[in-house]
Amino acid sequence: MDGKIDYRDDGLFCSGHVACGGCAEALSLRVILNTMGPDTVAVVSPSCTAVICGGHPMSSLKIPVFHTTIESAAASAAGVRRALRARGKVDTNVLCLAGDGGTYDIGIQALSSVAERNEDILYICFDNEGYMNTGGQKSSSTPRGAATGSTPDGKRTRKKNMIEIMAAHRIPYIATASPSDLNDLAAKVEKAKAMRGTRMIIVLIPCLPGWGLAEDSSVQTARLAVQSRAFPLVEITDGVHYRLQTPELCSPLADYLTSQKRYRHLDAAEMARLQADVDTDWSMLQQRAQISPA
Amino acid sequence: MKDMPGTDAPRGALRLMSGNHAVAEGARLARPEVTPVYPITPQTPILEKLTELQSAGEFVTEMLTPESEHSVMATAMTASLSGARVFTATSSQGLMLMHELLHYAAGARATIVMFNVNRTPASPWGFWPDQLDSLSQRDTGWVQLYSESPQDSLDLVIQAFRLAERVRLPVMISHDAFYVSHAVEPVDVPAQDLVDGFLPPFEAEFRLDPDIGRSIGAPVDQATWNQSRRDMAEAMGRVIAEFTRFGAQWGRLTGRVHAPLQLYRTEDAEIVFVTLGSLAGTARVAVDMLRRAGMRAGLVKLCLFRPLPAEALRSALDGVPVALVLDRNYSVGTGGVLHQELKSALHGTANATRVHGLLTGVGGVDVPVEQLVDLAQEFRERVPENGPIWIDGHGR
């Protein structure tokens, strides 16, 4: 990477928003919004994004946003889409912005139904691996071992494999992205935008207070997540064709884990177990990409 | 409702249909642009008739079948806020699953029209006519109408859209499970032209639209939240006058006038039944029987429950010595909901009506006409109790 972010910024995301200083979610949202363009309506469910969008009567997004309930983000986006279609506005983009709690946990029922009906929306999940907006509790996206407000000794079970769940719905497009590669994020948004049907992008957002990170380390932590294969960058088309992006530089999982306070209670054996989790997942993705490449 | 004598209102085709099919016909005529639905007994004939009409090309709408009533209401809310006319239908457990979003949709001023088939809330599981499902949603900010018959249901669906879009509040209409939902009666189905003339296309001033740019529902401060409820109160305050006006206009077009309260033989009444839903039909026959037996009985039927037409109720009961409130619902720990509401409407007024709260038909037990006749005779001279009185019905 040459560090140049190759996307057009039309100022659709305003400064003065209330994200934590240094949060990569604001950065990612800026790229996503400007790639989508002004002919977009967004639905946002209670999450960090909803806070970043701002309090009435201000808005940090220069597109219409509806703040909906946490469990009905996808259903709410489908309602906007159907109304726009009924009113002849077929080209307007409908964007759904949700957190991992609203996606992996309480919103999965509505999301599954939207995917089953292949409703024409782009669903973005900002995945900070927990309920960070409420002070940092465990969600089903929290990885094994991570300490949160509700798992002070570390979560004992794995992170839910959301991309496989969504792939099983055979929706046209699923991708993961990271704020450490904004060009890749923009390219995936651009690609999804050009498609129809239910599309989903999960963006990893290292949470500064929730993960115990320094203010200037969000992007670097996201990069380590990708390089250590803890958060693989993947594209899945039609639920079966996989493109797995092998990182140019690889780093051991321990580098990623030791950079965060949420893992500091782990001993060597537990770290080895997490490394095994990562290796298993990577190998499974490799097999999928080999058998059915994108 | 009876046809008004002397009107030259054009008649549509008189067709035999169930209450639920009458709802579907009413919805079709209202031309909703988005129709999310989820099946639940005894609402399903509404859903199936609508999908059948859509499939035959007789009903043009964006129809979708989400995985739950909760998602139905989420979809209905955002479709409405995006400028579409929206219809849906549900019952009991489905309505109660929507509860969170009923508040949300009303607060966001979505103009959804929803039909609810009144059915006992579980547990225990039951499928019987009982109005606790919708009456327990009385604080959600929805206008609530109650239908007595298939014809009423068709007429009210169409008027509900006019009302919702006028005051910018969602409207819920209910009719009783089976007694109305599945009972087959002759129904006048108005011509599409007539309905189009009464109900112009929906043009939402505030909506989610990139050409407008306005966001809806962002977090507010205390004063703004407080103001949002004052604004809803102002809108609710206009419902009685607007419904009266639209009901009269509908009456001129069809011969069937609707109003917040329907009074039957109350002018000189010494005792009146006060009720809503299909029990009104039973009570009307009881009134006639009592009159023939020499008792001056009458009926006050509430078509509008939210907002409560309190002033009209006070005026209807002015000088009436005895009122028997017939509640086909029971709020555990207090009593019949309509009983409580009526007492609150009369509180602090000079009205000296002795109000008896009778729990008739709770859980769907049958309430025969003869029983209402007996009750009128029994309670005519009794001193009212503050709480409710359980009445045994058929099968109990």
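Predicted model: local features only at pLDDT ≥ 70, side-chain atom pairs only at ≥ 80, totals over all residues.
**Nonpolar cores**

- The largest nonpolar core has 129 residues, and those with the most contacts inside it are Tyr123(A), Met73(B) and Phe87(B).
- Helix α7 (residues 150-167) of chain B gives the most to this core, contributing nine residues.
- Another core, of 35 residues, lies apart from the largest one, and its members include Leu95(A), Leu97(A), Leu122(A) and Ile201(A).
- When residues up to four places away in sequence are not counted, Met73(B) touches Thr88(B), Met98(B), Leu101(B), Leu102(B), Ala105(B), Ile112(B), Met114(B) and Trp142(B).

**A helix pair in chain A**

- Helix α1 (residues 24-36) and helix α7 (residues 182-194) of chain A have axes that come within 9 Å and cross at roughly 35°, and the crossing in which α1(A) passes α7(A) is right-handed.
- On the side of α1(A), the contact is made by Leu27(A), Ser28(A), Val31(A), Ile32(A), Thr35(A) and Met36(A), while α7(A) brings Leu182(A), Leu185(A), Ala186(A), Val189(A), Glu190(A) and Lys193(A).
- Sorted by class, the residues in the contact of α1(A) with α7(A) are eight nonpolar, two polar and two charged.

**A buried strand in chain A**

- Strand β1 (residues 40-44) of chain A is largely enclosed by the rest of the structure, because five of its five residues are buried.
- The burial of β1(A) extends to both faces, with Thr40(A), Ala42(A) and Val44(A) buried on one side and Val41(A) and Val43(A) buried on the other.
- With strand β3 (residues 93-99) of chain A, β1(A) pairs in the parallel sense over five bridges, and the bridge partner of Val41(A) in β3(A) is Val94(A).
- With strand β2 (residues 65-67) of chain A, β1(A) pairs in the parallel sense over three bridges, and here Val43(A) has Phe66(A) of β2(A) as its bridge partner.

**A five-stranded sheet in chain B**

- Five strands of chain B form an open sheet in the order β4-β5-β7-β6-β12, with mixed pairing.
- The edges of this sheet are taken by β4 (87-91) and β12 (304-306) of chain B, each of which has a single partner strand, so one side of each is left without a neighbour in the sheet.
- From one strand of the sheet to the next, the twist averages 25°.
- Strand β6 (residues 143-146) of chain B runs parallel to β7(B) and is joined to it by four bridges, and among the residues involved Tyr146(B) has Ser174(B) of β7(B) as its bridge partner.

**Backbone geometry in loops of chain B**

- The peptide bond from Thr41(B) to Pro42(B) is cis, with omega near 5°, and Pro42(B) lies in the loop between β2 (34-36) and α2 (44-55) of chain B.
- Arg109(B), although it is not a glycine, has a positive phi of about 65°, and its place is in the loop between α5 (99-107) and β5 of chain B.
- Because its relative accessibility is 16%, where the cut-off for burial is under 20%, Arg109(B) counts as buried.
- Phe178(B), likewise not a glycine, has a positive phi of about 65°, and this residue sits in the loop between β7 (171-176) and β8 (184-189) of chain B.
- With a relative accessible area of 29%, Phe178(B) is partly exposed.

**His339(B) and its surroundings**

- His339(B) is part of helix α12 (residues 337-346) of chain B, and at 2% relative accessibility this histidine counts as buried.
- Leaving aside neighbours within four places in sequence, the residues in contact with His339(B) are Val325(B), Asp327(B), Val355(B), His356(B), Gly357(B), Asn386(B) and Gly387(B).

Key: Residues numbered from 1 in each chain as written. Chains lettered and ligands numbered in written order. Heavy atoms only, no water. Core = buried A, V, L, I, M, F, W, Y, C linked by side-chain atoms within 4.5 Å. Buried < 20%, exposed > 50% of the residue type's maximum accessible area, 1.4 Å probe, protein only. Helix = DSSP H or I, 4+ residues; strand = E, 2+ residues; numbered from the N terminus. Contact = heavy atoms within 4.5 Å. Axes fitted to C-alpha atoms, helices over the stretch in contact; angles between N-to-C directions. Left-handed = near helix turned anticlockwise from the far one by under 90°. Nonpolar A, V, L, I, M, F, W, Y, C, P; charged D, E, K, R; others polar. Pairing = 2+ DSSP bridges.
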